[in-house]
Amino acid sequence: VASPVTAAGRARVFEATLVWRIVDQGGRDLAKGFGTASMGAPDFGTFSFPIAFRVTTETAATVEVFTNSPRDGSIDEIVRVPVTLLP
């Protein structure tokens, strides 16, 4: 995929907040940020947002979209999509 890649879907998340990151095979964050869904829990909302990144060579990576637990901040409800990032 070329930058920016679009993350889109449906989510039922606390305060409509989603976290995203792109991680290389070594576990290093290449890009990270947050987005919002159209509705917060207990309803499902839709989301669509661009994720920009920068690499100098083709890079195997994973796009992750998740929530953080309001109880302790741990990762909760993660979705991972493997991709090849293009410069």
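**Ground rules.** I number residues from 1 along each chain as its sequence is written, and my side-chain values use heavy atoms, with hydrogens and water left out. Because the model is predicted, I ask for pLDDT of at least 70 for local features and 80 or more for side-chain atom pairs, while totals for chains, interfaces and linings use all residues.

**Entry 1: aspartate 24.** I started with aspartate 24, which lies in strand β2, residues 17–24 (strands are DSSP runs of E, at least two residues, numbered from the N terminus). Is aspartate 24 buried or exposed? I found 16% relative accessibility, so aspartate 24 counts as buried (buried is under 20% relative accessible area, exposed over 50%, partly exposed in between, with a 1.4 Å probe and protein chains only). I then followed its side chain to the backbone nitrogen of glycine 26, at 3.0 Å. Setting aside residues up to four places away in sequence, I listed what aspartate 24 touches: Leu30, Thr59, Ala60 and Ala61 (contact means heavy atoms within 4.5 Å).

**Entry 2: strand β5.** Next I looked at β5, residues 59–68, and found 7 of its 10 residues buried. How many bridges pair β2 with β5? I count 6, in the antiparallel sense (two strands pair if DSSP finds at least two bridges between them). For arginine 21, I noted glutamate 64 in β5 as the bridge partner.

**Entry 3: the β5–β6 hairpin.** I moved on to β6, residues 75–85, which runs antiparallel to β5 and is joined to β5 by 9 bridges. Asparagine 68 stands opposite isoleucine 75 in β6. The two strands form a hairpin with 6 residues between them. In that turn I marked glycine 73, whose phi is positive at about 80°.

**Entry 4: cis peptide bonds.** I noted a cis bond between serine 3 and proline 4, with omega about -5°; proline 4 sits in the segment before β1 (5–11). I also noted a cis bond between alanine 41 and proline 42, with omega about 15°. Where is proline 42? I found proline 42 in the loop between β3 (29–36) and β4 (45–51).

**Entry 5: positive phi outside glycine.** Glutamate 15 has phi near 55°, a positive value in a residue other than glycine. I place glutamate 15 in the loop between β1 and β2, and its relative accessible area of 60% makes it exposed. Glutamate 77 also has a positive phi, near 55°. I found glutamate 77 in strand β6, and I call it exposed because its relative accessibility is 63%.

Note on methods
Helices (H or I, at least four residues) and strands (E, at least two) are DSSP runs, numbered from the N terminus. A polar contact is a pair of N or O atoms within 3.5 Å; within protein, one must be able to donate a hydrogen and the other to accept it, and residues adjacent in sequence count only if both atoms are side-chain atoms.
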